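Thanks for coming, everyone. Please bring up the chain on your screens, and let's walk through a few of its parts.

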Amino acid sequence: MLQNQFSARIVQSFSSLSALSSYTVAFSTLQELAANHKGLAKVILKKGKTQLFKDGSPMVYSGAVDRIIGRPPPITGDVVLVADGSEKPIGWGLYNSTSMFCVRLMQLEDEAIRDASCALDVEKLLERRLDDALKLRRSLGLPSADTNAYRLVNSEGDRLSGLIVDVFGDIAVVASSAAWVEKYRPAIESSIGRINAISHINWRPSIDILKEEGLNVSNLKNFKACSHLEKVKVIENGIFYSVSLEGQKTGFYADQRENRCLIHSISKRLRVLDVCCYSGGFALNAAAGGADDVIGIDSSAPALELAKENAQLNNFDPGRVSFLKEDAVEFMKKAVSQNEMWDLVILDPPKLAPRRKGAATMAGRKITVLRHAGAACDHPIDPSYPEGAYLTNYLLRVL
């Protein structure tokens, strides 16, 4: 009996030791953690440049790099350590030998040590960041019964620099603008494919940007989307749209959702002109908001076909909502010469004047700013990378 009890205690002790050995080892520095990853190169920053990246700037530009330690030297897409002048790592990221952005930082040292399971492991970090992005959109109420077009991943804003994912119903459209995104395409598609609501993935490489990233884009130019769909029907704020999966950007400007909603709220009984209307987003919101007359103009015939299709989807009266193929500048010059007036004029985007005050000054008019906004809230911005705040929207009163 005593022998059996003693044997049981020995077995229990060995089980406890085995369990302890399975626990994640605690690391105090990224250098210690990196010791388990042989062959990692180090990108050493110039004196005075380290704090910028410690403060969160996600893009290590080539001018900030003093030297690179590694044999063989790293190649584009490799995981590298980023270190200060004393060669102490401050974080890790993905290297590019050609781009002006030498490294896209993925984690700083403190974060890597707090959760070593994702440190220096791109695929695990992808899963974590995509999961975080999905939870954020759910907390924002996306998707919902009246909106199923939204941005799931917004590059630096979701800490996946160079990766954009828009969701249109059950289709995820991936806009790739970094070499590392192309390298890890299978892992990205696998992670997105695990989202229950996603049935198809459309991969859209940004050819011009990827060329600057040093990729051979000859194989990408003839790339065909894998979903085999040309259009998808979505709903945004209760308005239906037909989205061309071969259209501009990812096919639909989800970043303007809240700005379109504003137009819906202020258009009642107004005459509205939507200049450069693309698929009619602002024009349709004006019509839904009770505008008396809405005209959308664009120079693109395919865009206008989409706009007209979208008006039909929503059963808008063609006598109240119309779309014309016109050059924006020529149309407005003609309107001025004929003294034609609208209560509300929407310009999206285009850059018609070199400065914010330029258009009003050129027209000899005084303006006041009623509202200054940017992209919708599913387009988060990293304050350490202000270049991510690409969209500016003004509501102006012309006096």
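Start with helix H13, residues 328-337, whose buried residues are Ala 328, Phe 331 and Ala 335. Buried means under 20% relative accessible area, exposed means over 50%, and partly exposed is in between, with a 1.4 Å probe and protein chains only. Helices here are DSSP runs of H or I with at least four residues, strands are runs of E with at least two, and both are numbered from the N terminus. Seen down the axis of H13, the buried residues fall within an arc of 70 degrees, so they line one face of the helix. That arc is taken from the directions from the helix axis to the C-beta atoms.

A word on the source. This is a predicted model: local features need pLDDT of at least 70, side-chain atom pairs count only at pLDDT 80 or more, and totals for chains, interfaces and linings use all residues. Residues are numbered from 1 along each chain as its sequence is written, and side-chain values use heavy atoms, with hydrogens and water left out.

Back to H13. What covers its buried residues? The cover includes strand S13 (271-275), S14 and S15. On the other side of H13, Lys 333, Val 336 and Ser 337 are exposed. At the helix start, a side-chain oxygen of Asp 327 comes within 3.2 Å of the backbone nitrogen of Val 329. Just after H13, Asn 339 has a positive phi of about 55 degrees.

Next, helix H12, residues 301-313. The 13 residues of H12 reach 18 Å from first C-alpha to last, close to the 18 Å expected at 1.5 Å a residue. The expected span is 1.5 Å times one less than the number of residues. Which residues of H12 are buried? They are Ala 303, Leu 304, Leu 306, Ala 307, Asn 310 and Ala 311. Down the axis of H12, these fall within an arc of 155 degrees, so they too line one face. Here is the general rule: an α-helix has 3.6 residues a turn, so residues three or four places apart point the same way.

The face of H12 turned away from the buried side carries exposed Pro 302, Glu 305 and Gln 312. The buried residues of H12 pack against several elements, among them helix H11 (281-288), strand S14 (293-298) and strand S15 (321-325). Contact means heavy atoms within 4.5 Å. Ser 300 caps the N-terminal end of H12, with a side-chain oxygen 3.2 Å from the backbone nitrogen of Ala 303. Asn 315 follows H12, and its phi is positive, near 55 degrees.

Now two single residues. Glu 111 sits in helix H4, residues 109-114. Is Glu 111 buried or exposed? Glu 111 is buried, with a relative accessible area of 18%. Its side chain joins that of Arg 129 in a polar contact of 3.2 Å. A polar contact is a pair of N or O atoms within 3.5 Å; within protein, one must be able to donate a hydrogen and the other to accept it, and residues adjacent in sequence count only if both atoms are side-chain atoms. Not counting residues up to four places away in sequence, Glu 111 touches Met 106, Arg 129 and Arg 159.

Last stop, Ser 177. Find it in the loop between strand S9 (171-176) and H6. Ser 177 is buried as well, at a relative accessible area of 19%. Leaving aside neighbours within four places in sequence, Ser 177 is in contact with residues including Arg 104, Gly 162 and Glu 213.
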